[in-house]
Amino acid sequence: MSNTLILDVISAYISERGTGEFVKERSWTKRVSLLFVVLVIFVSGCKSIGDFDVNKALTEAVIAKSMEGTGEFSLNLIRDEKAQVPAEEQAMLKLFETTKFKFDSIKMESSTRVSIKGLASIRTYSIPFQASVSEEQIVLQIDGGKKPIVFQLQDEASNASMKAFVTELQSKLKDGKLSNSMMSYLIKQLPNPSKLNVDNVVETINGEKVSLHKLHGEITGKELLPLAKSFIKNMMKDDQALKELIGQLYDALYPMISAEWEKALAANSSKKGNFSKDADHLDEMDDMPNLGINPLNQFKSTVEPIMTGVKAVLDDRDSAIEVIHTEVKQIFVILLVALETLGHDDKKPWEATFNESSYMNTDLYFDNSLKLRKSNTTVMIAPQLEVTQGVSAVKITMSSENWNVNGKVKADVIATDGGSLVLDKASKPNDILKNFDPKSAIYQLLKQDLKIGKVSFPLFLGNGEYFPKSQQPFIENGVTMVPTRFISERLNAELAWDSVTQNITITDPETSRTIVLHIGSNVAIVDGKNMDMEQAVLTKDDQSFVPLTFIVTQFGGKTEWNNEMRMIQVTRD
């Protein structure tokens, strides 16, 4: 897996400020990966052992630019059989009790272009998959899928200049020299755990026997807090290295940040200044009654001088480094105080979670050029709690083999010429389900186990009377009636209106089942066959209303009446 995750997280955090929703998904995945990277580095420590330079080896591993490899990731939930948890939660715990991802091929062309082929094993399901990642999108081809699934990582509606700025900033953060300095500084401050050693071994990687340095480290949950405190203290003490790093970051990043700052100040100094995209209309406001002021002009007159003054300070390199250095040191103090407080005020819950039973062991294998070629890591989180939520411990194991590190690698590309399913904020669960063969393992997992298409919601009937222009159901001749569009959308169905024929067509996109209704008629055409309804389709206040139970049952759902609450529960699996 990519060893540039730390830098990727920094750049993903920046990019999610100006790009689409799915960047957040991407950065979340990277943050989870970052947790494991940080833990591995914590376990490995930083000081040299014999002739082996741990600091340099870990730095080289983190900033690797390209590689090929294989890997595995497994998650085991050790369930607490005595715990009282709801049946649905119990089913989820059983489903993910043993989850494994086997990566048969990993090709990292660069830090932003990666392809993976592998097999996901979830309980009894075995699901082959392929994935390709670029700066623009993630493409996922899952066995049983009719089309590849695409997650866009950049919002096409984003400002073009902001996109360019974000791209350049990401590029600067991933620059080899700068990233090397950042990682070297951080790793240098890490204290060694009590169990850390290096052995010379021979391992077979990609069919080739390779002489390697095996770095073995162990850490228990009890050691984690003292090591974290030492890490913060080390960073506080190494003032010179911190200032040098801040200087390098300033030289690399501030020129472009300053240019964007200048643009913003210039734009905001004009009458149509744009402190927020919705603020333009305030500029046209009359002065506020009895005060004689314009709110936006008052805001500008207060904020602009401050922003200009801050920029003047930061434009001076030496002053900027001193200001940033002071702020960073304050952050270190706050972190250290928080850790000290955590060890005292929250001692019991901390000790219950991070104890001798919680641990992490890692073996990192480096070749003579200090390239990471193989890794095996086990993480056990076993909190000693009186009451659990159905899980007494979590065990995570990871392994990888790498070759052609920093060599020429070409990531595989999943073709989308024949069409794709683009998932965004407007996508519905049925959009995903209908993309898969109902006989496939992924469909069964999503539909039967995860129940992603399940619908369940209450409808409060009250006294059963019609309230004009409302979505509330009412009783007509003993039949519960609901707005056609409302019930269609809640059942994840599609609605079409033909003004010429006065027909309403409701279609289930997953099963393609179709119901055709006619205003004023109690006959529905379901998949081409006439069926009688208890009540004709009505119109009130330019809305059409249909019999609730008929529509729900035709789409495989059910209704349950709760007399005490005067409520109908609608459920559809």
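Student: Is Ser-470 buried or exposed?
Tutor: Buried, because its relative accessibility is 17%; buried means under 20% relative accessible area and exposed over 50%, with partly exposed in between (1.4 Å probe, protein chains only). Keep in mind that this is a predicted model, where local features need pLDDT of at least 70, side-chain atom pairs count only at pLDDT 80 or more, and totals for chains, interfaces and linings use all residues. Residues are numbered from 1 along each chain as its sequence is written, and side-chain values use heavy atoms, leaving out hydrogens and water.
Student: OK, where does Ser-470 lie?
Tutor: In the loop between strands E13 (455-460) and E14 (474-476); strands are DSSP runs of E, at least two residues, and helices runs of H or I, at least four, numbered from the N terminus.
Student: Which residues is Ser-470 in contact with, leaving aside neighbours within four places in sequence?
Tutor: Pro-483 and Gln-543, where contact means heavy atoms within 4.5 Å.
Student: And what does the side chain of Ser-470 reach at 3.4 Å?
Tutor: The backbone nitrogen of Gln-472. A polar atom of that Ser-470 side chain also lies 2.8 Å from the backbone oxygen of Phe-467.
Student: Switching topic: how many residues does helix H7 have?
Tutor: H7 has 17, residues 221-237. From first C-alpha to last, H7 reaches 25 Å, close to the 24 Å expected, which is 1.5 Å times one less than its number of residues.
Student: Which residues of H7 are buried?
Tutor: Among them are Leu-224, Leu-225, Ala-228, Phe-231, Ile-232 and Met-235, and Lys-229 is also on the list.

Definitions and conventions: A polar contact is a pair of N or O atoms within 3.5 Å; within protein, one must be able to donate a hydrogen and the other to accept it, and residues adjacent in sequence count only if both atoms are side-chain atoms.
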